[in-house]
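Here's a quick briefing to read alongside the structure. Have the sequence and the 3D view open, and we'll go through it topic by topic.

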Amino acid sequence: MSETVQESSPAAPETDAAEAPSNTETLLVQEGDIAGDYLERLLDLLDYDGDIDLDVEAGRAVVSIDGGDDLEKLVGGRGQVLEALQELTRLAVQQETGVRSRLMLDVAGWRAARRQELSELGRSTAEEVLSSGKEARLRPMTPFERKIIHDAVAAVDGVHSESEGEEPNRKVVVFKS
């Protein structure tokens with residue numbers, strides 16, 4: 001059946017896997033633009049200074065806000081305000097595009113610093129479990145935090161990790177393999 005469709009329109013340009021990333025990237029750039037406009041309006045309402053940077057990384061739109069003195073207030077304790085702001089921004093993008101967004105928001109470099117901190121925690125926990133043989137349970141974390149821990153543990157041979165529990169008390173457990 002697919003051969004018939006292809007044969008019936010030989011003049012149509014071929015679409016292949018190489019085109020898909022450009023279409024996907026175009027959608028992600030659009031998501032970033034919508035999010036940037038939304039966040040710019042928010043910063044104006046709050047009278048906060050900040051530079052908005054839009055990028056596409058690992059198949060998702062990434063929006064960063066840097067440069068303002070008040071931006072730490074948009075992060076909150078343990079990133080809770082940032083998580084809420086990210087969800088609101090995703091909803092604003094979804095409202096305009098009709099598609100659920102996986103957009104990642106970083107404010108004042110908090111996620112980048114947190115990623116580094118969690119990678120080190122995952123690696124050191126994995127090494128501790130490897131040497132002691134005892135499993136380790138980490139405190140509850142967000143999905144963003146757990147993903148970083150799982151990636152760091154996966155880089156250490158002889159151990160593995162699993163998530164257990166229900167949100168918001170879901171945590172990573174590291175086991176010796």
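Pro 168 is exposed, since its relative accessible area of 65% is over the 50% cut-off.

**Around Pro 168**
- Pro 168 and Met 141 sit 27 residues apart in sequence, yet their C-alpha atoms are 7.5 Å apart in space.

**Overall layout and confidence**
- The protein chain has five helices and six strands, and along the sequence they run α-α-β-β-α-β-α-β-α-β-β.
- Of the chain's 177 residues, 33% count as buried.
- Take the contacts between residues at least 6 apart in sequence: 56% of them join residues at least 24 apart.
- Average pLDDT for the protein chain is 88, and 88% of the residues score at least 70.
- Residues 1–20 are another story, with pLDDT below 50 and one contact in the model beyond near neighbours in sequence.
- Low pLDDT means the predicted coordinates should not be read in detail.

**Two non-glycine residues with positive phi**
- Arg 78 isn't a glycine, but it has a positive phi of about 55°.
- Look for Arg 78 in the loop between β2 and α3; it is exposed, because its relative accessible area of 53% is over 50%.
- Ala 108 is also a residue other than glycine with a positive phi, near 55°.
- Its place is the loop between β3 and α4, and at 32% relative accessibility Ala 108 counts as partly exposed, because that value falls between the 20% and 50% cut-offs.

- Leu 82 belongs to helix α3 and is buried, because its relative accessible area of 0% is under the 20% cut-off.
- Leaving aside neighbours within four places in sequence, Leu 82 is in contact with Leu 74, Val 75, Leu 105, Asp 106, Val 107, Trp 110 and Arg 111.
- Glu 72 is 10 residues from Leu 82 along the chain, with 9.4 Å between the two C-alpha atoms.
- Arg 90 is in helix α3 too, and it's an arginine that counts as buried, because its relative accessible area is 13%, under 20%.
- Which residues does Arg 90 contact, leaving aside its neighbours within four places in sequence? They are Arg 60, Arg 100, Ser 101, Arg 102 and Leu 103.

**Helix α4**
- Helix α4 covers residues 110–132, and its 23 residues should span 33 Å at 1.5 Å a residue; the end C-alpha atoms are 32 Å apart, so the two values agree.
- Its buried residues are Trp 110, Arg 111, Arg 114, Leu 118, Gly 122, Thr 125, Ala 126 and Val 129.
- Those buried residues of α4 pack against α3, β3, β4, α5, β5 and β6.
- Just after α4 comes Gly 133, with a positive phi of about 80°.

**Helix α5**
- α5 has 12 residues and reaches 16 Å from its first C-alpha to its last, close to the 16 Å expected at 1.5 Å a residue.
- Buried in α5 are Phe 144, Glu 145, Arg 146, Ile 148, Ile 149, His 150, Ala 152 and Val 153.
- The partners that the buried residues of α5 pack against are α3, β3, α4, β5 and β6.

**The largest pocket**
- The largest pocket has a volume of about 550 Å³.
- It is lined by 24 residues, and the closest to its centre are Arg 60, Met 104, Arg 111, Arg 115 and Phe 144.
- β2, α3, β3, α4 and α5 each give two or more residues to the lining.
- Which element gives the most to that lining? That's α5, with five residues.
- By type, the lining residues split into nine nonpolar, four polar and 11 charged.

Notes:
Residues numbered from 1 in each chain as written. Predicted model: local features only at pLDDT ≥ 70, side-chain atom pairs only at ≥ 80, totals over all residues. Heavy atoms only, no water. Helix = DSSP H or I, 4+ residues; strand = E, 2+ residues; numbered from the N terminus. Expected span 1.5 Å × (residues − 1). Buried < 20%, exposed > 50% of the residue type's maximum accessible area, 1.4 Å probe, protein only. Contact = heavy atoms within 4.5 Å. pLDDT = per-residue confidence, 0-100. 1 Å grid on protein atoms, 1.4 Å probe; cavity = no way out; pocket = protein on both sides within 12 Å on 5 of 7 lines; lining within 4 Å. Points joined across faces, edges and corners; volume = space filled by probe spheres on them. Nonpolar A, V, L, I, M, F, W, Y, C, P; charged D, E, K, R; others polar.
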